[in-house]
Every structure is written in structure tokens, then in C-alpha cells.
Amino acid sequence: MPSPAATDPNPIHSGRSRIPVLARLTSGLRWDLPASLVVFLVAVPLSLGIAAASGAPVMAGLIAAAVGGIVAGSLGGAPLQVSGPAAGLTVIVAGLIEQFGWPVTCAITVAAGVLQVLLGMARVGRVALAIAPVVVHAMLAGIGIIIVLQQLHVMLGAEAGEAALHNILALPDTLAVLDPQAAFLGAVVIALLVGWKHMPAAVRRVPGPLVAVVAATLLSLPFNSDVDRITFDGSLLDALSLPHLPQGEWTAIAVGVVTIALVASVESLLSAVAVDKMHHGDRTDFNRELLGQGAANVTSGMLGGLPVTGVIVRSATNVEAGARTRKSAILHGIWVLVFSLLLAGVIQLVPNAVLAGLLIMIGIRLVKVADFQTARVTGDLAVYAATLLTVVFVNLLAGVLIGLALAVLLVLWRVVRASIHAEPLGAAAEGRWRVVIDGSCTFLSLPRLSKVLAAVPAAAHVTVELDVDYLDHPVHDTLEAWRVRHMNNGGSVEIEETGTATLHAALAGTPARGSSRSALRGGFAPWRSWQRDGGAPAGAAEDVPAPVRSVLSGVDSYHRRHAHLLRPHVQELSTFQDPDTLFITCADSRLVPNLITSSGPGDLFTVRNVGNVVGSDRLEPSVEASLKFAVEELSVKNVVICGHSGCGAMTALHAGPAGGRGPEGQEERCPVESWLEHGRPSLESFHAGHPVQVAAEQAGFGAVDQLAMVNVAVQLERLQRHASLQDAVRNGDVHVTGLFYDIATARVLQVTPTGISHLDPLPQAGELAPA
């Protein structure tokens, strides 16, 4: 009989097709196998302790650990996350068992899993991350406090109550009748866990919880039989049980389902986010993670296990142990399953006090000082405290809901609250006032707005500075009504709108938040965009000429809006200057050196002339003097030549002379034409095909702008050859740079003697050349 390989028409191809499958199965096992064993050793004692704290059958914790590893590990979207029973669900599960019993709690777990699957299918995974972290941190801290209060009684040999307040009040009675043996074993566990982090690194490779549980259990063996130990009937297979449907109380059942589903989902997703920050592999697919967690909870509930969620302790251990793929989580679940089937009898040797000590440390670690400090610094302490206290003394669901409500209210208060204040300008007798409205101005700001406006004297000259990113119709109506009333009472009102939201927009349609920062905020906009009528500022002389009014209004705005912000930066420059750069540029009004270089007072030593020229055969006297002073006295490190598009000087130079005849028939030249002789070498280089001209033409610039760029390159070369700069440039003490400002696109290019380059990190096609 022929072998299968002999009958295969293409045995070589058939063999190759099996190789990738085998490679995928074994890929990463070198790291994942040892990591899975480490996580398994951590998971077993934690799962037993969580089951005991929940009041569930002890084996239910191991069932959930095995299912979490195998099912959630296989189907979830977080490759390195390890799932299982979590301390964060302990209080919820304990309450459900107390109210409905264990079989019905399993049914609630199944329903919660179905809800998680539906949430994953609805692709709302990332929405769950919108829950304020401060609420989650406070919830976990509250759960930690509840666990500590409960397990403290168990460690002392007494019965724990359900309510946190009862456990606090009963603590003196428990201390009066404490069991010394149980207290000793619990203290040993706590001491080992606290001191384990100080052990040598080689020793710490063994998980601390495993060492603590094993050591304390061995110490308990010589004790008498009065030490309470974990008990259960039968094996893991005997612990498997089907859930029971509830007989009523459907509202309470629904609340339990939603609570477990939401808390488990949020904890899993937040844990996945934390794990993503710990490695550089594949990122989490949040919707798939919800599907995997839901499938695990359905499976765990159907088999009689605890609810499952992503657990940050096991996940962090998994990453730190060197796991590379999801195989580590799956294998850890298999090891838990094998242990539960073959070595379940060992579990019954563990005293309850030992697990209580372990759980006390887990609870303490849920209360993180860093989270409290963060809440205090960020102003969220009230939300943190309210959530924590409600979780501890009422219940978890109420705590989370109250925390979320407070967090939303706090955000609304911070976001929609506008800063509104009024202040007099100058002497009180002048009657000049300023009203500043800054932020997001909505109807919620009307009480404050009305109060501030009412404080302005009736006949005052008022400037309202409206710098807002959101403004609605009620605010428009309030301001307009006050403006009319104030003017009827003999006052005057000028409204300056320097934000991204305007009064006109609030009246014209649906209000919207401004999507970008207004250029007006920095004081860079032209006068015409904010000076409505060119009127002189309040308090100025009545006979101020109209052409001067724009200047005085600008000065007035500067004093009100910018002087106090600038003062701290210029006080130290009041007696000296120490600029970094000599900036030689054109006198054109559209080119603002400090704006295009994001610089301020004291940064640029600026020289401006028509056409940004430095001279022809020798430097022009004013440039020569400025250069000498800047280099020798001010020790500048940079010299910049900056031209611009649409330059009038380059336009005239490109067009040629336009002289006339004087009275005696002599050709006379106007001062501009005489000055432009300094640019004649640039024009000659332009016509000769200068490399910069070629590069500018290829970039789509017109002839005049090409000439302007060539002019920068020529002036650049002249400066580099100048006697006072030559040695400094060669030694690297001074750097000479050429720039070109394209007015149409508001972009700056660099010009070198051989070409041009784009300084914009994200240039848009077709936007470098003028339209």
C-alpha cells in the first residue's frame, strides 16, 4: 500500500504547508513557557484567596483562573494580558452570593458575559475608557479598604461581617478574643510579602505570594487542629456546577448583571492600557478584548466559576517574566487546570488566616498613595473622597455612580465656566473701565456676567474684551441688552472680539466651539481686523487726527492686554540689550520679524531698508555700522538676511529704470532708483541663471519672487566675504543665514547660495508658490 506521501501529487508542497503551522505553534515558547509557569505560581494563591473572600466555593477561584487563561487568553484582544478572578469584583460577588446564593450568582456571571460580548460587537471598547480614572482609582481603593476590614477579622480568628462599618465597630471585640495561632500565621504572610521586595534579585524570581503561602502553611502543620483551614468536598470535577435561574427580584438581578459587566470591562480595559505601556509588541484591540472577556465570563459562569476580568498583577508579572505572545496566558490556564485536577488535596492544608494575610496585602496595594496625591494635585480630591467613602459605607454601584456624576459636574464647571471680571483703567475720575470675558461663555455664566456688568458705573467708557472659544445666544442677548442700557445712561461701550467665537456667530446660527487658536490672541492681527471705526481710545484728546487714532488705539490695547504680560520678561532688559541675532530685512510693512521667528524683545537686533540689501561694491553705511556694532559690541551669534514675496523694490528692479529729464536736459534719477543700484548685482545674477533662480522657478515662484530669492543669496555671499565676518564665519563663531517669507502662504523658506529649502515640517503641495 502506498504511503500518503507517495500518493500526494506534490509531496514537497504538502510538507511545506505543515511547517508554518508548526512554526506558529512553537513560536515564542522559549519565552512564553517559563513566563506561564511564573504566572501560574502567582495565580493559584491569589485565586484561592479571592474565592475565600467572596464567600464562593474555593474551587470556583481555580475554575475562573483556568477559564480566564485559556478562553480570554485565546480570544481576547490584549496579547499579554492575563485574566482570572480579581479582587476588584470581590465585594460585588460577595453581595450577590449573600442575596441570591451561589448558583444564581453563576447565572448572573453568564448574563454579564453576554452583555460584554454585545458591547464588544457594538464596538464600544474605547468608550469605556472615557470613565474618569479618578473614579476607578477611588473604586479600587474602596474595595481594598473593604477587603482589609473583612480579612483582618479572619486573620484574627473571628467571623467577618458584611458591612464595613460593622467590621470597624466589631474590631475591639475581635481583638479581645483573637486566636494567637491564626494571627501569627497571617502576620508571617504579611511580613514575608512586605520584605520580599528587599530580597536579592535571584531570590525574587520566585513569586512572593507563593513563598508566603507555602511557608506559612508549613509553619501551621505542627499546630493543633483548631486552626481553620480551607475545606471543600470532592475534586475540581465535583465543583463543576450549572447555574440556576433566579425565581424573582429581576430588578436586583439586572443591576447585578450590569454592575459585574461594567466593572469587569472597565478593569480589563484599564489593565490592558497599563500592560500596553509595559511592552513594545502588538497593541490591544479593545473591542476584541471585550469579546474575549465576555466569552470567558459565559464559560466560567456555566462551569461554576467566579467572574473573570483582566488582572494587572498577573499581567505585569507575565510581561516582567518575558512573555512574548498570548501563549503564556493560555499555558498558565492549562497549568492551573492540571494543578486543580491532580493536586487539589494540597489546597486543604492552607489555613484561612494565611489567605487572609495574603488578601490584606492585596487590599492595601489597591489603596495607592500616588492616586491620592494625583487627585489632590489635579483638583479631583472631592471626587476621589466621595467615591471611596460611598463604596466603603454604602455599596460599590452607588459609589461609582456618584463618582461619575461628580466628575462630570466638575468637568462642566471647569470647561464652561468663563473668567469674567471688571476693573477701572487709570484714575477713577477718568471713568474708563475694562470688562474681560475669557473662556467658554454659556448661559451658565449669566449670573456671574450680570453681576460684573452691574458693577460698572453707569456713565463709564467701557471696553469689553471678548476672548472666548464658545458663546451662545443667551450671552449675546445679555451683552446686547446691557450695552443698549449702558449707552442710554450716558456711557459708551466698545466690544473687542479676539477669540474664535463671536457675537455675530452666536446670533447667526448654532453656536460652536472655536476649532483653532485665534491669531488675535497674540496681538498679531492687523488693525483693520479689530479696530472697527478707527476711533481714538477712551481718554485720548478729542482733536487726535484720524491717521493717528489707529496707533493710539493699538497702544491702548497693548497697555490693557499685553503690557502686564510682557513686563516680567523685559524688566531685566531695561538697562542693557543682549540680542542673539542681527536680522537684516526689508522695510515692507507685511513682514514682521518677531512674528515669523517666534521671538520677543531682546532677541533680534533688526536693520530694515528697502529691498533688504547690504550694499554693492561695499556695505551700505548704515548696514556697515549696524554690523560692526552687532558683532563687536553685542556679540551676536547669527546674522540673517530675509527677503519676501511681492517685494516692491524687486518689482522695480526687475522692471528697469524709469527716469526722466531735468530742466537742463540731464537725466535725473529718483532716490529709490539710486538706492536700487545696490541690487544691480542681484539682477545680473538672476539673468545669468543663478542656482537659486532655477530652484525658485522649479518651485513655481514668479520672476519677481525668484529675483527676491536671488537677492537674498547675493547679499548672503557678500556678508560671508566681509572682512569683519570672514574669520568668525570660518571659525563657526557666527552663522550667516538667508530666509524668504512667502506672504501668500505665511511660510518661511531658507535660501542658501546654491538653492532653497523648505522649513515647514509639513509642506502642502502647491502651497509654497503664491496663488
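This is a predicted model: local features need pLDDT of at least 70, side-chain atom pairs count only at pLDDT 80 or more; totals for chains, interfaces and linings use all residues.
How does the lining of the largest cavity divide by class into nonpolar, polar and charged residues? It has 7 nonpolar, 2 polar and no charged residues.

**Cavity**

A search of the whole structure finds 1 cavity of 30 Å³ or more. The largest cavity has a volume of about 40 Å³. Its lining is made up of Ile50, Ser54, Pro85, Ala86, Leu89, Thr90, Val93, Leu306 and Pro307.

The largest pocket holds about 1,500 Å³ of space. It is lined by 43 residues, and those closest to its centre are Ile312, Val313, Arg314, Ala316 and Arg365. Two or more lining residues come from each of helix 3 (29–54), helix 7 (133–155), helix 10 (180–195), helix 11 (208–220), helix 13 (250–276), helix 15 (312–320) and helix 18 (352–366). Helix 15 gives the largest share, 6 residues. By class, the pocket lining has 28 nonpolar, 6 polar and 9 charged residues.

**Helix contacts**

| Helix pair | Axes | Angle | Crossing |
|---|---|---|---|
| Helix 6 and helix 14 | within 7 Å | roughly 160 degrees | left-handed |
| Helix 7 and helix 18 | 8 Å apart | about 155 degrees | left-handed |

Helix 6 (residues 102–121) and helix 14 (residues 286–303) cross at roughly 160 degrees. Because angles over 145 degrees count as roughly antiparallel, helix 6 is roughly antiparallel to helix 14. On the helix 6 side, the contact is made by Cys106, Thr109, Val110, Gly113, Val114, Gln116, Val117, Leu119, Gly120 and Met121. Helix 14 contributes Asn287, Leu290, Leu291, Gln293, Gly294, Ala295, Asn297, Val298, Gly301 and Met302. These contact residues comprise 11 nonpolar, 9 polar and no charged.

Helix 7 and helix 18 pack at an angle of about 155 degrees, and are therefore roughly antiparallel to each other. Helix 7 makes this contact through Leu140, Ala141, Ile143, Gly144, Ile147, Val148, Gln151, Leu152, Val154 and Met155. From helix 18 come Asn352, Ala353, Ala356, Gly357, Leu359, Ile360, Gly363, Ile364 and Leu366. The residues of this contact divide into 14 nonpolar, 5 polar and no charged. Helix 7 and helix 18 are also among the elements that give two or more residues to the lining of the largest pocket.

Terms used:
Residues are numbered from 1 along each chain as its sequence is written. Side-chain values use heavy atoms; hydrogens and water are left out. On a 1 Å grid over the protein atoms alone, a cavity is a set of points where a 1.4 Å probe fits but cannot get out, and a pocket is an open set with protein on both sides within 12 Å along at least five of seven lines; lining residues have an atom within 4 Å of a point. Grid points are joined across faces, edges and corners, and a volume is the space filled by probe spheres set on the points. Helices (H or I, at least four residues) and strands (E, at least two) are DSSP runs, numbered from the N terminus. Ala, Val, Leu, Ile, Met, Phe, Trp, Tyr, Cys and Pro count as nonpolar, Asp, Glu, Lys and Arg as charged, and the others, Gly among them, as polar. Axes are lines fitted to C-alpha atoms, for helices over the stretch in contact, and angles run from 0 to 180 degrees between N-to-C directions. Angles under 35 degrees count as roughly parallel, over 145 as roughly antiparallel, 65 to 115 as roughly perpendicular and the rest as oblique. A crossing is left-handed if the near helix is turned anticlockwise from the far one by less than a right angle, and right-handed if clockwise. Contact means heavy atoms within 4.5 Å.
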